[in-house]
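These are my notes from a first pass through a structure that is new to me. I wrote down what I looked up, entry by entry.

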Amino acid sequence: MSFNYEDAFSRNIGWVTEAEQQVLRGKRVAMAGAGGVGSEHIVTLARLGVGKFHISDFDEYEVHNFNRQAGAFMSTVGQDKVKVMENICLDINPEAEVKSFPEGIFEHNVDEFLEGVDVYVDSLDFFALAARKLVFQKCLEKKIPLVTAAPLGMGCAFLCFMPGSMNYEEYFRFEDATSENEQYIKFLIGLSPAMLQRPYLVDPSRADFHAKKGPSMPMAVKMCGGIAGTYVLKILLNRGDLITAPYGLHFDAYRNRFKKTWRPMGNRNPLQRMVFKIAKKIVLKEES
């Protein structure tokens, strides 16, 4: 059977116009990280009909990826995540242009990774802070819209940073931190000011800052794919209201709760300073 772009994405029409679908066809989206949320972002945006991708990941599939990663199967164990997701993307849309960065993103290739990109979707592991800050800063310099969706518990916490609005450092205030763990805490409370997921974490030992590991659920990464994908659509088509930092969104399906958060001054907000102190005590206690 031959591939036809218009047929493949015809069921999108109605929520987008035929002209808008062709706009999506010509857009380029970058995702650093092809694991949990990254793989969902790639699949969601490929099925949306976005035509050009820059994807990166240096990791290979392992069995412990099975609970949440779109490319994780017995048949892909030991294979490069970025290559598997590239193949999946092209299996959905053989006409797509996919540029892979299998070594990950570093200072020497970040400019190439973001070349010609219309939107960046943060898909890095929570603890990949050095790479995240590097890409975030380059997006700021290049005026590239940035969205990040965090799979927390059985929900999604979402932030959007647009050129001309509050930027990532003004919000997260990483530079105020005195240690790596403090930066992780600032990232966590910035992503999730409402902390809707905290009350039902049944085994806190599994959220281990020292070991740089944390639990993640399949439902959460799929919500992230949907929410981030919707914002990518709105940005690329320039329609629909955008909630941007210092505002954020958090929906938790387990607790049946939704919060629109607002933290003026970001993590320098007095409420955030208090949350930071509490979270720091919890982390230090867990490390001792």
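I began with Phe127, which counts as buried because its relative accessibility is 12%; buried means under 20% relative accessible area, exposed over 50% and partly exposed in between, with a 1.4 Å probe and protein chains only. I note that this is a predicted model, in which local features need pLDDT of at least 70, side-chain atom pairs count only at pLDDT 80 or more, and totals for chains, interfaces and linings use all residues. Residues are numbered from 1 along each chain as its sequence is written, and side-chain values use heavy atoms, with hydrogens and water left out.

Aromatic rings. I searched the whole structure and found 17 aromatic pairs. The ring centres of Phe126 and Phe127 are 4.9 Å apart and their planes are at 80°, so I list the pair as edge-to-face. Rings of Phe, Tyr and Trp (its six-membered ring) pair if their centres lie within 6.5 Å; planes under 30 degrees apart are stacked, over 60 edge-to-face, and the rest tilted. One aromatic cluster takes in Phe126 and Phe127 together with Phe161, Tyr171, Phe172, Phe174, Tyr184 and Phe187.

Charges over rings. I found the charged end of Lys186 over the ring of Phe276, 4.6 Å from its centre. Lys234 has its charged end over the ring of Tyr231, 4.1 Å from the centre. The test is NZ of Lys or CZ of Arg within 6 Å of the ring centre and within 35 degrees of the ring normal.

The sheet. I traced 8 strands in an open sheet, in the order S3-S2-S1-S4-S5-S6-S7-S8, with mixed pairing. Strand S3 (97-101) and strand S8 (257-262) are the edge strands, each pairing on one side only. Strands (E, at least two residues) and helices (H or I, at least four) are DSSP runs numbered from the N terminus, and two strands pair if DSSP finds at least two bridges between them. Strand S4 (residues 119-122) and strand S5 (residues 146-152) pair in the parallel sense over 3 bridges. In this pairing, Tyr120 stands opposite Leu146 in S5.

His41. Is His41 buried or exposed? I have it as buried, because its relative accessibility is 1%. His41 lies in helix H3 (residues 36-48). Leaving out residues up to four places away in sequence, His41 touches Met31, Val121, Asp122, Ser123, Ala149, Cys224, Gly225 and Ala228; contact means heavy atoms within 4.5 Å.
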